[in-house]
Amino acid sequence: MQDRYQRTIEYVRISVTDRCNLRCRYCMPEQGVEKMCHADILRFDEILRVIRALSALGVRKVRLTGGEPLVRKGILDLIREIRRIQGIEVISLTTNGVLLPEMAAGLRAAGLDSVNVSLDSLDEETFSFLTRRPLLSRVEEGLRALEEAGFQDTKINCVPLAGVNEADVLKLAELARVKPLNVRYIELMPVGCAYEAGLRGMPMAEVRRRLQEAFGAFSPVRPGVSLRGPAEYVQPAGFAGKLGFIDAMGHKFCQTCNRVRLTAGGFLKLCLHAGTGLDVRELLRAGVDDRELLAALSHAVYNKPAEHHFLEPGEKQDSRYMYQVGG
Ligand code: SAM
Ligand code: SF4
């Protein structure tokens, strides 16, 4: 499926819940999180119907996210059902890792291909400050459980924050030095409560500079993953895994963007920044047939915006929080 700028859309990120067992400062407020009522969250049969339609239109990869996807009841059943959809080649999941110790093996058995774990700090105090929950050891145990369950291509995503987890830039890279996993540094985006929490992202150039100072000069390598994404990867000498950089605020990857997002409430978002898209839940619950659903989805995707406008003053941002969209 192509949009009006001839970009091929082959990847959907699906937020399966707006609930979470952490309260990361840049993502969720501590108090007063407005939970969607259950009836407003897409049911599994609805999610599956949308995936089937998107796969008929050429989508080949599904990522489950949230909120925290592992707190959604029946997530293993959902993965098993997605696995049966013809045309879906890759199923992955983005998680904070807290529930991985007991769930990693089941996720593997259900047919999940790979897992991205969001982990901003290996220091207990910093982790507890950032997530407002003292659960670092669970995440570390979760990483071990992934390895034991046989997952490969595990990625750790870290948002480097000025004055908060700067030391973790090197500590996390150390994991990729000794193990075949990829550590990716993601720029803080001005979404949700990131800026009101007083957090500022470290400039990516500074992140790279510190890594090169510690591990020697590096240059880009091909990621060797199933479908291309926005990260630029490097592999310093002696590293078992790779380091990746996601410069979210630059417009670098808008031109090759291959994805759309489905929120927990069933809204098809065409760009992380923009509020525009399609209310798929309304269509489904109004009783559209498959032909109408395909037509509505392909029409919406065709109109995907050319690029985001995060950096432009006065530009209207989507008011949804990251936990509602899924990152
Ligand atoms: N709960 C899961 C997790 O944390 O991996 C999945 C959902 S979470 C919203 C997905 C990703 O969004 C996480 O890696 C998190 O670090 C990132 N994120 C949330 N708010 C962000 C922001 N303002 N800027 C950059 N990344 C953000
Ligand atoms: Fe939860 Fe993920 Fe948001 Fe943290 S980033 S509060 S783990 S949804």
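Student: What should I know before reading residue numbers and values here?

Tutor: Residues are numbered from 1 along each chain as its sequence is written, while chains are lettered from A and ligands numbered from 1 in the order in which they are written. The model is predicted, with local features needing pLDDT of at least 70, side-chain atom pairs counting only at pLDDT 80 or more, and totals for chains, interfaces and linings using all residues; side-chain values use heavy atoms, without hydrogens and water.

Student: Which residues surround ligand 1?

Tutor: A residue is near a molecule if one of its heavy atoms lies within 4 Å of it. For ligand 1 there are 19 such residues, and Tyr 26, Gly 67, Ser 118, Met 189 and Met 322 are the closest.

Student: Which polar backbone atoms lie by a nitrogen or an oxygen atom of ligand 1?

Tutor: A polar contact is a pair of N or O atoms within 3.5 Å. A polar backbone atom of Gly 67 is 2.9 Å from a nitrogen atom of ligand 1, and one of Thr 95 is 3.3 Å from an oxygen atom of the ligand. In the side chain of Glu 68, an N or O atom is 3.2 Å from a nitrogen atom of ligand 1.

Student: Which residues are around ligand 2?

Tutor: They are Cys 20, Leu 22, Cys 24, Cys 27, Gly 67, Asn 96 and Tyr 323.

Student: Is Ser 114 buried or exposed?

Tutor: Buried means under 20% relative accessible area, exposed over 50%, and partly exposed in between (1.4 Å probe, protein chains only). Ser 114 counts as buried because its relative accessibility is 7%. Contact means heavy atoms within 4.5 Å. Leaving out residues up to four places away in sequence, Ser 114 touches Ile 91, Ser 92, Leu 93, Phe 151, Gln 152 and Asp 153.

Student: How many residues does the largest nonpolar core have?

Tutor: In soluble globular proteins, nonpolar side chains tend to be buried together. A nonpolar core is a set of buried Ala, Val, Leu, Ile, Met, Phe, Trp, Tyr and Cys residues joined through side-chain atoms within 4.5 Å. The largest one here has 98 residues, and Leu 64, Tyr 185, Leu 211, Leu 243 and Leu 268 have the most contacts inside it.

Student: What is the phi of Gln 6?

Tutor: Most residues other than glycine have a negative phi. Gln 6 is not a glycine, yet its phi is positive, about 60 degrees. Gln 6 is also exposed, at 58% relative accessible area. Arg 132, again not a glycine, has a positive phi of about 60 degrees.

Methods: A polar contact is a pair of N or O atoms within 3.5 Å; within protein, one must be able to donate a hydrogen and the other to accept it, and residues adjacent in sequence count only if both atoms are side-chain atoms.
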